[in-house]
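Let's take a walk through this protein together. Have the sequence and the 3D view ready, and follow along as we go.

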Amino acid sequence: MKLSTSFLALALALPAAWAAVPLYGQCGGTGFGGETVCVSGATCVVQNSWYHQCIPTTAAPTTAAPTTTAAPTTTAAATTTVTTPTAPSASGFVYTSGTKFMLDGQKFTVVGSNSYWVGLSGLSDADMNKAFSDIAAAGGTTVRTWGFNEVTSNNGLPYYQSWSGSTPTVNTGASGLQNFDRVIRAAKANGIRLIVALTNNWSDYGGMDVYVRQILGANQPHDAFYTNTNVKNAFKNYIKQFVGRYVNETGILGWELANEPRCKGSSGSTSASCSPQTVTNWANEISAYIKTLDSNHLVALGDEGFYNLPGNPSYPHQGTEGIDFDVNLQISTLDFGTVHSYPNHWGQDGNELKWGTDWIIDHAKSQDRAGKPVILEEFGVTSNQPAVYTQWLNNVVSSGLAGDLIWQAGSRLSGGATHNDGYAVYPDGNVYPVIKSHAAALKARA
């Protein structure tokens, strides 16, 4: 999800007395026009030039200097040492068989939530464990999270890559990949496997535009991320170090090339030549590269499931964002498909229930045609959530779609409630029982 859009929508919906940016919300950055004052107990912290975030004032900066590895921008990095967390390993790797996920010869049900924030908010081990425990208690088996945070200055919070001019440096220290080791350990302690996105289409936590700006300079089109050789090599270097560290880690279900790749990013800039073929070519190249490093884990694109049907009256079907779901699903080095569903953001106010139902059924048909699993990995509406989600999730079960992950998990931790963008599902909320009931039904499906 594009977080800044939801933050702004939420802020506009609230009375003026509640206009302060909530915990973990966006409070600044290049081109940001929203509220810049954080709620009490939080401080606006610069993550990068585009994204400033409200962080609890009690989140202590890391004092130990991180171990880092410099990354060239024009060639692949030298081989790095591969290490894994010390927590006990699960029994095996998740794989696919036709349209199903499998583990040790048995069906594996992908159901759970998104928690982008669990590794990026300076949480203690206890709070990380509580966050995953809340998801597991609702029947969750899988959590999607961010395996990226690009920064241009160290603000004391976890980050995975920093930039000095055109040179990126991967942070392998306590505030970097060692921090992600902690995320994996906490997930595994609660029986959770992770789907890890490796960059972001949007400016939240850096993403593609940081690569483009740092390497090519300002005012370059967003889609240069997909086509420029130096930019792609820098991203491959990051993948080599991040993915390479976890090749033998069974707590990870799979990798995603990006969160919601499109021709346009947060800046809205794109070249005249960007098309669905641009992203398809990039997905072919990057997914194949990951497979040369790691044959144990599944790989997905991480897209929203947009179709390429010019002239269709529904915006997500028109192909204007540079995605062709059916074509991308045929890529041999992509193991499963991903779908997002936000009818309110996509021109379907008042038609959320039917449009979302049709969207699920359409992608179940795509799943069957391709013979690969497809998951509804993000979804949300802004009103009447229990009723809409109940219907949608019943459709997931009946359509045969392989699984689903709601956007997003919510927990009440030692520093207070995690960020609520209008979609967060807390254990004491009215959506949590719906998710719990659905998880049981999906696991019981043949």
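What you have here is a predicted model, in which local features need pLDDT of at least 70 and side-chain atom pairs count only at pLDDT 80 or more, while totals for chains, interfaces and linings use all residues. Residues are numbered from 1 along each chain as its sequence is written, and side-chain values use heavy atoms, with hydrogens and water left out.

First, the overview. The protein has eleven helices and 20 strands; these are DSSP runs numbered from the N terminus, with helices being H or I of at least four residues and strands being E of at least two. Of its 446 residues, 59% are buried (buried means under 20% relative accessible area, exposed over 50%, partly exposed in between, using a 1.4 Å probe and protein chains only). Take the contacts between residues at least 6 apart in sequence: 74% of them join residues at least 24 apart (a contact means heavy atoms within 4.5 Å).

Eight strands make up an open, parallel sheet in the order 15-14-13-9-8-18-17-16 (two strands pair if DSSP finds at least two bridges between them). Strand 15 (298-300) and strand 16 (337-341) stand at the edges with a single partner strand each, so one side of each has no neighbour in the sheet. On average, neighbouring strands are turned by 25 degrees against each other, direction ignored (axes are lines fitted to C-alpha atoms, for helices over the stretch in contact, and angles run from 0 to 180 degrees between N-to-C directions). Inside the sheet, strand 13 (residues 193-197) pairs with strand 14 in the parallel sense over four bridges, and Val-196 has Trp-255 in strand 14 as its bridge partner. Helix 3 (residues 177-189) packs on this sheet, touching strand 9 (142-146), strand 13 and strand 14, and its direction makes about 145 degrees with that of strand 13. Helix 9 (residues 352-370) lies across strand 16 and strand 17, running at about 175 degrees to strand 16.

What about the interior? In soluble globular proteins, nonpolar side chains tend to be buried together. Here the largest nonpolar core has 94 residues, and Leu-194, Phe-242, Trp-282 and Tyr-389 touch the most other members (such a core is a set of buried Ala, Val, Leu, Ile, Met, Phe, Trp, Tyr and Cys residues joined through side-chain atoms within 4.5 Å). Helix 6 (residues 229-245) gives the most to this core, with seven residues. Leaving aside residues up to four places away in sequence, the contacts of Leu-194 include Phe-132, Val-143, Phe-180 and Ile-252.

Next, look at a hairpin. Strand 11 and strand 12 form it with two residues between them, and Gly-165 in the turn has a positive phi of about 60 degrees. These two strands pair in the antiparallel sense over four bridges, whereas strand 10 (residues 150-151) and strand 11 pair in the parallel sense over two bridges.

Glu-260 has a positive phi of about 55 degrees although it is not a glycine, and Glu-260 is buried, with a relative accessible area of 2%. Asn-384 also has a positive phi, near 55 degrees, but Asn-384 is exposed at 54% relative accessibility. Last stop: a cis peptide bond joins Trp-407 and Gln-408, with omega about 0 degrees.
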